[in-house]
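This report looks at charged and aromatic side-chain contacts. Please keep the model open while you read.

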Amino acid sequence: MIRTTLLYLLLGTASLAVAGQTLPESAKVGQFYAGCQAYTFKAFDLMTAFEKIAACGGKTVEFFPGHLISKDDPKSKFDHNTTAEQRAPVKAKLKELGLTPVGYGVVRLLNNEAECRKIFDFCKDMGVGVVVSEPAEDAFDLIEKLVKEYDIKMAIHNHPKKPLDRSYRYWDPEYVLSMVKDRDPRMGSCADIGHWVRSGVKPTDAIKILKGRIFDSHIKDLDAFGVREAKDMIWGTGQSDIPAVLNLFAEQGFYGPLDAEWEKDWETSQPDVTKCLEFVKNFKPTTTK
């Protein structure tokens with residue numbers, strides 16, 4: 001048992017090191033690197049969102065493009081177009097709160113090198129190791145070039161299946177794997193657990209399909225399976241089977257980042273997000289190996 005646990009810990013470290021970003025022990029919540037996708041607190045300005053993530057017990061942050069730096073200035077959006085001057089106080093606030101930036105997205109990657117470089121330059125400057133995207137299908141050669149050059153991962157995010165848009169296929173883990181399996185190992189998946197549930201995909205099935213290519217995960221536990229309008233529940237109480245998800249992640253050597261992404265009660269969700277992160281903190285992975 002001890003040898004098996006050590007093996008999984010080593011595999012987890014190796015997985016995190018693929019992109020050159022080694023996450024600190026201070027970014028752990030229990031045995032996983034965990035925090036929030038800042039979209040959870042989109043109702044608040046960026047600095048307040050950071051404070052709420054820290055207050056919930058989160059240790060990591062995934063930025064989303066367009067988060068207002070100040071509610072008093074609707075043009076003060078935090079994204080890859082920000083200046084060094086705008087980023088400086090953000091870096092200082094993260095340091096003050098002991099938060100580790102881990103991802104940026106969901107951001108569109110088009111077959112446009114100048115625009116893509118802006119995104120990768122931003123991530124490099126902010127110390128972010130994963131670009132989370134639903135990229136244009138003709139952009140993969142360019143993306144592969146950039147992940148090699150910057151040593152930063154690209155993780156394909158999955159939104160729910162779109163019944164009226166059959167061209168949207170990133171909801172399907174088999175399709176995501178087909179797009180990256182013959183590419184650089186830094187090209188993979190941002191596993192959105194809740195959106196798989198909404199799409200009628202069992203999360204553990206999807207995780208098995210994408211083994212070794214999951215670099216980031218948006219965690220949601222929902223009240224219904226296969227229902228697009230399903231709502232968030234405290235982790236461990238809904239239809240996502242979060243214990244099985246976390247056990248399988250551990251078996252595969254993936255220990256995060258796990259991003260809590262709570263998408264209801266936008267102004268009053270802090271107690272619920274806290275309970276979700278407490279679930280992770282207290283969770284002890286068990287394996288069948």
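Lys-220 is buried, with a relative accessible area of 0%. Here buried means under 20% relative accessible area, exposed over 50%, and partly exposed in between (1.4 Å probe, protein chains only). The model is predicted: local features need pLDDT of at least 70, side-chain atom pairs count only at pLDDT 80 or more, and totals for chains, interfaces and linings use all residues. Residues are numbered from 1 along each chain as its sequence is written, and side-chain values use heavy atoms, with hydrogens and water left out.

**Salt bridges**

A salt bridge is a side-chain nitrogen of Lys or Arg within 4 Å of a carboxyl oxygen of Asp or Glu. The structure holds 17 of them. The table lists some.

| Pair | N to O distance |
|---|---|
| Lys-220 and Asp-192 | 2.6 Å |
| Lys-220 and Glu-261 | 2.8 Å |
| Lys-145 and Glu-113 | 3.0 Å |

Which partners does Lys-220 meet? One is Asp-192; another is Glu-261. Asp-192 is buried, at 0% relative accessible area. Glu-261 is buried too, at 7%. Lys-220 sits in the loop between strand S10 (214-219) and strand S11 (221-222), and Asp-192 lies 28 residues away in strand S9 (residues 187-192). Helices (H or I, at least four residues) and strands (E, at least two) are DSSP runs, numbered from the N terminus.

The side chains of Lys-145 and Glu-113 also form a salt bridge. Lys-145 lies in helix H5 and Glu-113 in helix H4, so this pair ties together parts 32 residues apart in sequence. Lys-145 is partly exposed, at 41% relative accessible area. Glu-113 is partly exposed as well, at 31%.

**Aromatic rings**

Rings of Phe, Tyr and Trp (its six-membered ring) pair if their centres lie within 6.5 Å; planes under 30 degrees apart are stacked, over 60 edge-to-face, and the rest tilted. The count is 13 aromatic pairs. One of them joins Phe-120 and Tyr-150: tilted, 5.4 Å centre to centre, with 45° between the planes. Phe-120 is in helix H4 (residues 113-126) and Tyr-150 in helix H5 (residues 140-150), 30 residues apart. Both residues are buried. Ring pairs also link Phe-50, Phe-63, Phe-78, Tyr-104 and Phe-122 into a cluster.
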